[in-house]
Amino acid sequence: MFDIDKWQEILATIKKNKMRTFLTGFSVAWGIFMLMILLGSGNGLSNGVAKNFMGDAVNAMWIWSGETTIPYQGLKSGRPIRFHNDDYDVLQSLPGVETVSGRYFMGNTRYSYGKESGEYTTVTCHPELNDVDQNVMLEGRYINKVDIQEKRKVVVLGKDIREALFKDKPALGEYVKVNNVPFKVVGVCVEPESTRNRNAFMPVSTAQMIFNGSNRLHNFAITINGKTLEESQEIEENIRNTFSRKLRFDKTDDSALGMYNKLENYIQTMRIFQAIKIFIWIIGVGTLIAGIVGVSNIMLIVVKERTKEIGIRKAIGASPSSVIGLILLESILITTIAGYIGLVLGTGLMELINFMMVQSAGDVGAQQGDTLFLNPTVDFGVAVASTVLLIVAGTIAGYIPAKRAASIKPIVALRDE
Amino acid sequence: MIKLTDIHKSYEMGSNKLHVLKGIDLDIHQGEFVSIMGSSGSGKSTLLNILGILDNYDQGSYHLGGKLISNMTEKKAAQLRNEMVGFVFQSFNLISFKNAMENVALPLYYKGVNRKKRNMIAMEYLDRLGLKPWAEHMPNEMSGGQKQRVAIARALISKPQIILADEPTGALDTSTSYEVMEILREINDAGITVIIVTHEHDIASMTQKIVRLKDGRIDEVILNGELADFRERYSKELQPV
Ligand SMILES: Nc1ncnc2c1ncn2[C@@H]1O[C@H](COP(=O)(O)OP(=O)(O)OP(=O)(O)O)[C@@H](O)[C@H]1O
Ligand SMILES: [Mg+2]
């Protein structure tokens, strides 16, 4: 198969027919280039969105209470629904619920350290909150179980609070005054996907004891172990029914009890992106087909243009198979090289865009803002496969006219028109 | 060498059939120099193409070098052409993107001779035809006579036993035509059978045997000795009535 002389003959032919070579090559390179850009953009888009969801646990659910809008069992509408500590226990006992964190927000809490002070939001919580929020610890630790049990006066500061109060002095182990009550700083954290870190976290048990004495909770953040959309919806339904009975409101009353199911949302968004991906693939396949048609067309023209040459070659002793070989190997060589060029340029461009995006994102820290575009690169296997497909298609497209040209009698090919 | 027996050939043109050769019987021996004449459309090229295995025939038999040529695969035919026959065409049929040397060398490529060697041999043949200085020229940079000499060199390079030339001088002026005929005569002197198709009587009279076709049949065969007679008769034919 490998025959230096044959390749020399092919290379000589390519060299002497630059325009033809360029046209064939260009249509292939262009097809692959566009395909790479399309697929890269599609990947970038869905990676970006997936990343945005990754900030919080995907299997997370938020539950909050409000006012009833539908009368229930003789109770008028407009009645506020409130969560208490026992609701926390109820939630924890429900099937499918993995972790539960109750939260109680205290807006405008005054934090002070030495001369510095400021007003921030205090989130009172259980340790499990971090399973949902997935805050990143910069220093120290998060609230733990012992804090809750012993009602320790400890606090985890958001990065902004720490910077405002402590500047560049160490904060861990120091005591800050929260509404004039001293709390020990045990950690500093940032919230992923957020540029503001002005929340402080403290054990819900401590806060209930010190600040309002009640056992109220504003909302729950829970994680569930439903894998599919159906499972997670079933768990959601069960929670709603349980609370509807316990707190007495109509279970269709969305303002009495609000729920946000991240998984449901995630899956739905991913479905949209699946659709976008399919759409991009359709366009990509269309581009590929256009490339294939282009190559086939050029091959048809090439063979027609070379009919006379083929006739001459046959008259002086070329066998049909050597003629087919000559034409096909030329086309394979051109499409391979051109496909490779398109591949390199296309993936190169996407890598460059990726590189520039990483550069402009700046901070090495975990705090990247919302990105719509992330890692817009193409799977290498897909890239190579589509190039190979184009080469194969070009070969098949060239084979049919080449075979026909090789089988016509030299006398027909040689006849002047 | 060549033995044709009752060769028939017709072309299908849509629904009607054009019977071009209607029973040709012809013997040509090794080393003969033959010209085929006849009016336009009488089937000269058709006959030559059959001799060169460029085309097939419908009926009869054709033996080339003792071998029956019929129904052979394209591959076999190509091989036989490469070994036995060299072609020279009226319109030269050089490959336009190859220079003179590469054109001449091409038949050796199909014989499996390596590039260096075949280019060297091609140069020898070009030199023999006085074309060495044009070896690197492309066909479109050469005159008709030069192109025809390149084509002859190409026909010779595979050392064929037969040279078939369809109106080799048809596109050339008189003096160039004579040069080409001189080259063909030298080739013939070396023992190669040369068969040409021509319209021109002065060209035909330089060969040893003239086969006149008329209406798809051999009208007459004029041998060398009778050429003088032929010439005279022909000039009469040319006179306006
Ligand atoms: N491929 C073909 N298909 C149909 N008819 C053909 C074909 N080739 C030749 N003919 C017809 O066959 C007849 C003989 O053709 P041929 O080319 O052999 O003539 P010729 O003697 O060489 O003529 P000229 O002197 O003009 O070259 C002509 O009438 C021509 O039209
Ligand atoms: Mg003719």
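Colleague: Which are the buried residues of helix α7 (residues 204–212) of chain A?

Modeller: This is a predicted model, in which local features need pLDDT of at least 70, side-chain atom pairs count only at pLDDT 80 or more, and totals for chains, interfaces and linings use all residues. Residues are numbered from 1 along each chain as its sequence is written, chains are lettered from A in the order in which they are written, and side-chain values use heavy atoms, with hydrogens and water left out. Taking buried as under 20% relative accessible area (1.4 Å probe, protein chains only), the buried residues of α7(A) are A:Val204, A:Ser205, A:Thr206, A:Ala207 and A:Gln208.

Colleague: How far from the sulfur of A:Cys125 is the nearest cysteine sulfur?

Modeller: With a disulfide defined as a pair of cysteine sulfur atoms within 2.5 Å, the structure holds 0 disulfides over all chains. A:Cys125 is accordingly in no disulfide, and the nearest cysteine sulfur, that of A:Cys189, lies at 9.4 Å.

Colleague: Why does A:Cys189 count as buried?

Modeller: A:Cys189, like A:Cys125, is in no disulfide. A:Cys125 counts as buried because its relative accessibility is 0%, and A:Cys189 counts as buried because its relative accessibility is 1%.

Colleague: Is α1(A) roughly parallel or roughly antiparallel to α3(B)?

Modeller: The axes, lines fitted to C-alpha atoms over the stretch in contact (heavy atoms within 4.5 Å) with angles from 0 to 180 degrees between N-to-C directions, come within 12 Å and cross at roughly 150° for helix α1 (residues 4–16) of chain A and helix α3 (residues 100–109) of chain B. Because angles over 145 degrees count as such, α1(A) is to α3(B) roughly antiparallel.

Methods
Buried < 20%, exposed > 50% of the residue type's maximum accessible area, 1.4 Å probe, protein only. Helix = DSSP H or I, 4+ residues; strand = E, 2+ residues; numbered from the N terminus. Parallel < 35°, antiparallel > 145°, perpendicular 65-115°, else oblique.
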